[in-house]
Amino acid sequence: MFSFLNPFSKSRQTFPLQLNDGGREKAGFKGGAGDCVVRSIAIAAKLPYLQVYEDLRSANQHYAELKNDRLARRLNNKGSSPRNGNHRNVFHDYILGLGFEWVPTMKVGAGCQVHLRPNELPDGTLIVKVSKHLTAIVDGVIQDTHNPSRGGNRCVYGYYIKN
């Protein structure tokens, strides 16, 4: 409350936010969904939401048919819709195929090294992986349906950067 009295509190630089659903509403979808992966990819890759949605639905279905692991069983039980969320095993290769490069920022046991702050991430078009969420950053502005930065304290696990 009185952070100005605390000599240890720092004002953190944060990204500005532009509310952006990635074309979800325009594609005819309504209500809330766990579709941050679809939205982030659509925004960063400048692709139609419905195209990314269908590509990931197909990739989820393909994964469920070919693999015999816990994720494949979950996809078979819950369905292959990206609305139910997406797993890195499925979306990682899809994003790489769009011309992005993965840059990990966290190592096991090293703690958080990079936060969702402008001075800790490079310029350009990014798809940023934070805990249980992906968000797009385009030209230094977070493009999302909410602000995921937690005041600049959110730890970044890694990011995809457009080549």
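Student: In the hairpin of β3 and β4, which residue takes a positive phi?

Tutor: In this predicted model, the residue is K132, with phi near 55°. The hairpin of β3 and β4 has 2 residues between the strands. K132 is not a glycine, yet its phi is positive, and its place is the loop between β3 and β4.

Student: Is K132 buried or exposed?

Tutor: A residue counts as exposed when its relative accessible area is over 50%. K132 has 83% relative accessibility, and it therefore counts as exposed.

Student: Which residue takes a positive phi in the hairpin of β4 and β5?

Tutor: There the residue is D139, with phi near 50°. This hairpin, too, has 2 residues between the strands.

Student: Where is R150, and what is its phi?

Tutor: R150 belongs to the loop between β5 and β6. Its phi is positive, about 50°, although R150 is not a glycine. With 55% relative accessibility, R150 counts as exposed.

Student: How should I read the pairing of the strands?

Tutor: The general idea is that strands of a sheet pair through backbone hydrogen bonds, and do so either parallel or antiparallel. In this structure, 6 strands form an open sheet with mixed pairing, in the order β1-β5-β4-β3-β6-β2. The strands β1 (17–19) and β2 lie at the edges, each pairing on one side only. Direction ignored, neighbouring strands of the sheet are turned by 30° against each other on average.

Student: How many bridges join β3 to β4, and which residues are partners?

Tutor: The two strands run antiparallel and are joined by 6 bridges.

Student: In what sense do β4 and β5 pair?

Tutor: They pair in the antiparallel sense, over 3 bridges. Here A136 stands opposite Q143 in β5.

Student: Which strands pair with β6?

Tutor: β2 pairs with β6 in the antiparallel sense over 5 bridges, and V103 stands opposite Y159 in β6. β3 also pairs with β6 in the antiparallel sense over 5 bridges. For V130, the bridge partner in β6 is V156.

Student: Why is β4 described as largely enclosed by the rest of the structure?

Tutor: The reading rests on burial, which requires a relative accessible area under 20%. In β4, 6 of the 6 residues are buried, so the strand is largely enclosed by the rest of the structure. H133, T135 and I137 point one way from β4, whereas L134, A136 and V138 point the other way, and all are buried. As for β6, it is mostly covered, with 5 of its 7 residues buried.

Student: Which cysteines form a disulfide?

Tutor: The test is distance: two cysteine sulfur atoms must lie within 2.5 Å of each other. C112 and C155 form a disulfide, with their sulfur atoms 2.3 Å apart. The count by this rule is 1 disulfide. The link of C112 and C155 is right-handed, with 115° about the S-S bond. It connects distant parts of the chain, 43 residues apart: C112 is in the loop between β2 (100–104) and β3 (125–130), and C155 is in the loop between β5 (141–144) and β6 (156–162).

Student: Are C112 and C155 buried or partly exposed?

Tutor: C112 counts as partly exposed, at 30% relative accessibility. C155 counts as buried, at 16% relative accessibility.

Student: What lines the largest pocket?

Tutor: The largest pocket holds about 230 Å³ of space. Its lining has 15 residues, of which V37, N86, H87, F91 and K129 lie nearest the centre. The elements giving two or more residues to this lining are α1 (36–45), α3 (70–78), α4 (88–97) and β4 (133–138).

Student: How do the residues of that lining divide?

Tutor: The lining of the largest pocket has 4 nonpolar, 6 polar and 5 charged residues.

Methods. Residues are numbered from 1 along each chain as its sequence is written. This is a predicted model: local features need pLDDT of at least 70, side-chain atom pairs count only at pLDDT 80 or more; totals for chains, interfaces and linings use all residues. Side-chain values use heavy atoms; hydrogens and water are left out. Helices (H or I, at least four residues) and strands (E, at least two) are DSSP runs, numbered from the N terminus. Buried means under 20% relative accessible area, exposed over 50%, partly exposed in between (1.4 Å probe, protein chains only). On a 1 Å grid over the protein atoms alone, a cavity is a set of points where a 1.4 Å probe fits but cannot get out, and a pocket is an open set with protein on both sides within 12 Å along at least five of seven lines; lining residues have an atom within 4 Å of a point. Grid points are joined across faces, edges and corners, and a volume is the space filled by probe spheres set on the points. Ala, Val, Leu, Ile, Met, Phe, Trp, Tyr, Cys and Pro count as nonpolar, Asp, Glu, Lys and Arg as charged, and the others, Gly among them, as polar. Two strands pair if DSSP finds at least two bridges between them. Axes are lines fitted to C-alpha atoms, for helices over the stretch in contact, and angles run from 0 to 180 degrees between N-to-C directions.
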